[in-house]
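Here's a quick briefing on pockets and salt bridges. Have a look at the model first, then read on.

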Amino acid sequence: MRTIRRFLLIALCLLAAGLAAAAPDSEAEFHSKVLALYGFEPHKLKDAEMKVKSDQLDHFWSMAKADPVNILPLLRRELADPSNSAFFFYDGSKLLLSLSKDRADQLLALRSIPKADLTGIQHDDYLRTIKWFANNGFDTREAAFRILAFPDFKAFIPQHALTLGQDYSLIYMLFPLDESVFSADLVKRLSTERNPQSLKSLLLAIWYTATPAGKAAIKNFADSQTSPAEAKTYAKTLMERRVSALGYLSISSTQSLKEERRKVMLRPISDEALMEFDSLTSKIMAKQ
């Protein structure tokens with residue numbers, strides 16, 4: 001009997017020790033872990049260093065996925081902390097999206113992702129992620145406009161051997177939305193953006209809105225003495241684009257054509273979708 005009691009006591013002690021080891025991190029412990037893991041930017045590491053970090057992050061993700069109930073509130077708190085690293089805001093947001101389908105968590109991720117330094121982020125992943133948000137009815141303006149700070153932004157879509165520059169990446173992040181959400185913001189950004197490539201991306205997106213206000217904005221930019229020369233020349237090129245009304249006549253209304261075009265942008269990224277997007281744009285412009 002005494003042996004049984006001793007065995008039970010040892011078993012209880014082992015169970016208690018196991019529970020203590022499995023106890024969730026406190027907020028301070030989790031914050032320290034995030035600081036230790038994410039205190040770097042990927043593009044500044046050598047290959048060997050990145051391999052070590054990748055392994056550590058894989059372990060962190062596995063730990064989080066094994067205990068989402070306890071990890072989620074800690075992760076939400078960290079994503080709301082502005083002192084964390086730029087890379088954490090991206091990778092931590094992707095982790096949050098993998099752990100939760102709650103719309104509030106998705107909104108938190110969408111607010112956090114644009115804080116990343118896109119130099120160290122895979123551009124195709126960024127594009128697909130923001131397009132997913134746009135496809136699902138989220139306001140992606142902040143995340144889409146973030147790429148304007150990175151004129152060399154390029155996303156490669158291997159399934160179609162397609163490379164999208166900053167201009168069409170911006171379009172794919174915005175045009176799944178109703179144009180009324182972002183059209184005015186595109187025009188507004190023209191007055192604050194100075195990089196020629198980013199200005200050209202804005203001008204192209206404005207041209208695709210195919211609205212009188214958009215045409216006026218492009219003309220005003222082209223006529224302005226303060227517009228950078230390269231972007232000003234591009235604006236004039238857009239103004240000179242002509243569409244053959246005969247080749248693109250349609251009985252559909254402008255609004256229905258725009259809705260059809262928006263649905264094209266909801267499809268997976270492809271050169272075929274872009275060609276259909278252009279064709280529908282030509283039909284819209286032929287009606288003007």
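**Pockets and salt bridges at a glance**

The largest pocket has a lining of 14 residues, and those nearest its centre are Phe-87, Tyr-90, Asp-91, Gly-120 and Gln-122. This is a predicted model, so local features need pLDDT of at least 70 and side-chain atom pairs count only at pLDDT 80 or more, while totals for chains, interfaces and linings use all residues. Residues are numbered from 1 along each chain as its sequence is written, and side-chain values use heavy atoms, with hydrogens and water left out.

**Largest pocket**

- A pocket here is an open set of points on a 1 Å grid over the protein atoms alone, where a 1.4 Å probe fits, with protein on both sides within 12 Å along at least five of seven lines; lining residues have an atom within 4 Å of a point.
- The space in the largest pocket comes to about 280 Å³, with volume being the space filled by probe spheres set on the points, which are joined across faces, edges and corners.
- α3 (47-66) and α5 (86-99) each give at least two residues to this lining, and α3 has the largest share with five. Helices are DSSP runs (H or I, at least four residues), numbered from the N terminus.
- Sorted by class, the lining has seven nonpolar, three polar and four charged residues. Nonpolar covers Ala, Val, Leu, Ile, Met, Phe, Trp, Tyr, Cys and Pro, charged covers Asp, Glu, Lys and Arg, and the others, Gly among them, are polar.

**Second largest pocket**

- The second largest pocket has about 240 Å³ of volume.
- Ten residues line the second largest pocket, with Trp-207, Lys-215, Met-239, Arg-241 and Arg-242 closest to its centre.
- α12 (212-223) and α13 (229-240) are the elements giving two or more residues to that lining.

**Salt bridges**

- The count is 14 salt bridges, each a side-chain nitrogen of Lys or Arg within 4 Å of a carboxyl oxygen of Asp or Glu.
- Arg-77 and Glu-27 pair up at 3.0 Å, N to O. Arg-77 sits in helix α4 (residues 68-79) and Glu-27 in helix α2 (residues 27-38), so the pair ties together parts 50 residues apart in sequence.
- Arg-77 also bridges to Glu-78, with the closest N and O atoms 3.6 Å apart. Glu-78 is buried at 1% relative accessibility, whereas Arg-77 is partly exposed at 39% (buried is under 20% relative accessible area, exposed over 50%, partly exposed in between, with a 1.4 Å probe and protein chains only).
- Asp-125 and Lys-94 form a bridge at 3.2 Å between their closest N and O atoms. Asp-125 is in helix α7 (residues 123-135) and Lys-94 in helix α5, 31 residues apart.
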